[in-house]
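Please open the model in your viewer and keep the sequence panel beside it. The stops below say what to select next and what is there.

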Amino acid sequence: MSTAIAPDEQLLFRPEEVAKALSIGRSMVYEEIRLGRLQTVRIGRRRLVPPEYIARYVELLKHEAETTA
């Protein structure tokens, strides 16, 4: 099993990039992080979001939409 990563595959996203990808505001990203709904990793003082955490957050939103419908 190879763990090589394609050169164009981004591993960590800044909150601003997450906001753009999800079509939400930057402040909403930070609020979701504060609430613990969107997980991050820390490198020094920076908060970064791996793609799997973005996918997990989207699944959470879909689940919430299904249960409130």
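Helices (H or I, at least four residues) and strands (E, at least two) are DSSP runs, numbered from the N terminus. The model is a predicted one, in which local features need pLDDT of at least 70 and side-chain atom pairs count only at pLDDT 80 or more, while totals for chains, interfaces and linings use all residues. Residues are numbered from 1 along each chain as its sequence is written, and side-chain values use heavy atoms, with hydrogens and water left out.

Of the 69 residues, 20% are buried, where buried means under 20% relative accessible area, exposed over 50% and partly exposed in between, with a 1.4 Å probe and protein chains only.

Next, select residues 15-22, helix α1, together with residues 26-35, helix α2, whose axes come within 8 Å and cross at roughly 110 degrees. Axes here are lines fitted to C-alpha atoms, for helices over the stretch in contact, and angles run from 0 to 180 degrees between N-to-C directions. The two helices α1 and α2 are therefore roughly perpendicular to each other, the term for angles of 65 to 115 degrees. Show side chains for P15, E16, V18 and A19 of α1 and for R26, V29 and Y30 of α2, which make the contact, meaning heavy atoms within 4.5 Å.

Between these helices, stop at S23, which lies in the loop joining α1 and α2. S23 has a positive phi of about 55 degrees although it is not a glycine, and at 67% relative accessibility it counts as exposed.

Now stay on α2 and ask which of its residues are buried. They are V29, E32 and I33. Looking down the axis of α2, you will find these buried residues within an arc of 105 degrees, so they line one face of the helix; the arc is that of the directions from the helix axis to the C-beta atoms. Then turn to the face of α2 directed away from its buried side, where the exposed residues S27 and R34 are carried.

Finally, select G36, which follows α2 and has a positive phi, near 85 degrees.

How values were computed. Parallel < 35°, antiparallel > 145°, perpendicular 65-115°, else oblique.
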